Amino acid sequence: MRQVVSYIRVSTGKQGKSGLGIEAQRAALARFIEAEGCESLGEFVEVETGKGADALAARPELAAALAM
């Protein structure tokens with residue numbers, strides 16, 4: 001069984017309300033995991049911009065997901 005780690009991010013609270021929010025991403029990931037027969041090892045969630053040269057440093061949940 002393939003193992004997956006989920007990373008969910010929105011840039012702003014407003015984006016979360018646009019239909020591209022955390023819950024919508026979570027639901028899409030759940031459908032994918034079920035359809036592909038994967039095992040979820042964890043989920044990491046952030047509300048943080050992806051802009052800037054230090055974007056990775058500014059997103060600790062992404063760093064944790066990559067480390068897992």
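# Briefing on a predicted protein chain

Gly21 sits in the loop that joins helix 1 (13-20) to helix 2 (22-36). The model described here is predicted. Its protein chain contains three helices and two strands, which follow one another from the N terminus in the order β-α-α-β-α. A search of the whole structure finds three salt bridges, and the points below set these beside the overall form, the surface and several individual residues.

**Overall form**

- Along the principal axes, the C-alpha atoms of the protein chain fill a box of roughly 35 × 30 × 15 Å.
- Of the 68 residues in the protein chain, 21% are buried.
- Among contacts in the protein chain with a separation of 6 or more, 63% are between residues 24 or more positions apart.

- Gly21 has a relative accessible area of 4%, and because buried means under 20%, Gly21 counts as buried.
- In sequence, Gly21 and Ala63 are 42 residues apart, and their C-alpha atoms are 20 Å apart in space.

**Surface and charge**

- The protein chain has an accessible surface of about 4700 Å², and carbon and sulfur atoms account for 57% of that surface.
- A nonpolar patch on the surface is formed by Val5, Leu41 and Met68, whose accessible area together is about 240 Å².
- Leu41, one of the patch residues, belongs to strand 2 (residues 39-47).
- The relative accessible area of Leu41 is 37%, so Leu41 is partly exposed.

**The salt bridge between Arg2 and Glu36**

- Arg2 and Glu36 form a salt bridge in which the closest N and O atoms are 3.0 Å apart.
- Because Arg2 lies in the segment before strand 1 (3-10) and Glu36 lies in helix 2, the pair ties together parts that are 34 residues apart in sequence.
- Arg2 is partly exposed, at a relative accessible area of 49%.
- Glu36 is also partly exposed, with 41% relative accessibility.

**The network around Arg26**

- Salt bridges link Glu23, Arg26 and Glu43 in a network.
- Glu23 has 55% relative accessibility and counts as exposed, while Arg26, at 28%, counts as partly exposed.
- Arg26 also meets the side chain of Glu43 in a salt bridge, with an N to O distance of 2.6 Å.
- Since Glu43 lies in strand 2 and Arg26 in helix 2, this pair ties together parts that are 17 residues apart in sequence.
- Glu43 is partly exposed, and its relative accessible area is 38%.

**Ser6 in strand 1**

- Ser6 is a residue of strand 1.
- With a relative accessible area of 6%, Ser6 is buried.
- Leaving aside residues up to four places away in sequence, Ser6 touches Leu29, Ile33, Gly42, Glu43 and Phe44.
- One of these residues, Glu43, also takes part in the salt-bridge network with Glu23 and Arg26.

**Ala64 in helix 3**

- Ala64 is located in helix 3 (residues 60-67).
- At 30% relative accessibility, Ala64 is classed as partly exposed.
- Ala64 and Phe44 are 20 residues apart in sequence, and the distance between their C-alpha atoms is 7.7 Å.
- Phe44 is also among the residues that Ser6 touches.

Methods
Residues are numbered from 1 along each chain as its sequence is written. This is a predicted model: local features need pLDDT of at least 70, side-chain atom pairs count only at pLDDT 80 or more; totals for chains, interfaces and linings use all residues. Side-chain values use heavy atoms; hydrogens and water are left out. Helices (H or I, at least four residues) and strands (E, at least two) are DSSP runs, numbered from the N terminus. Buried means under 20% relative accessible area, exposed over 50%, partly exposed in between (1.4 Å probe, protein chains only). Contact means heavy atoms within 4.5 Å. Accessible areas come from the Shrake-Rupley method with a 1.4 Å probe; for residues, only the protein chains shown count as cover. Patches are made of residues with over 30% relative accessible area and no salt bridge: like charges are joined within 9 Å, nonpolar side chains (Val, Leu, Ile, Met, Phe, Trp, Tyr) within 5 Å. A salt bridge is a side-chain nitrogen of Lys or Arg within 4 Å of a carboxyl oxygen of Asp or Glu.
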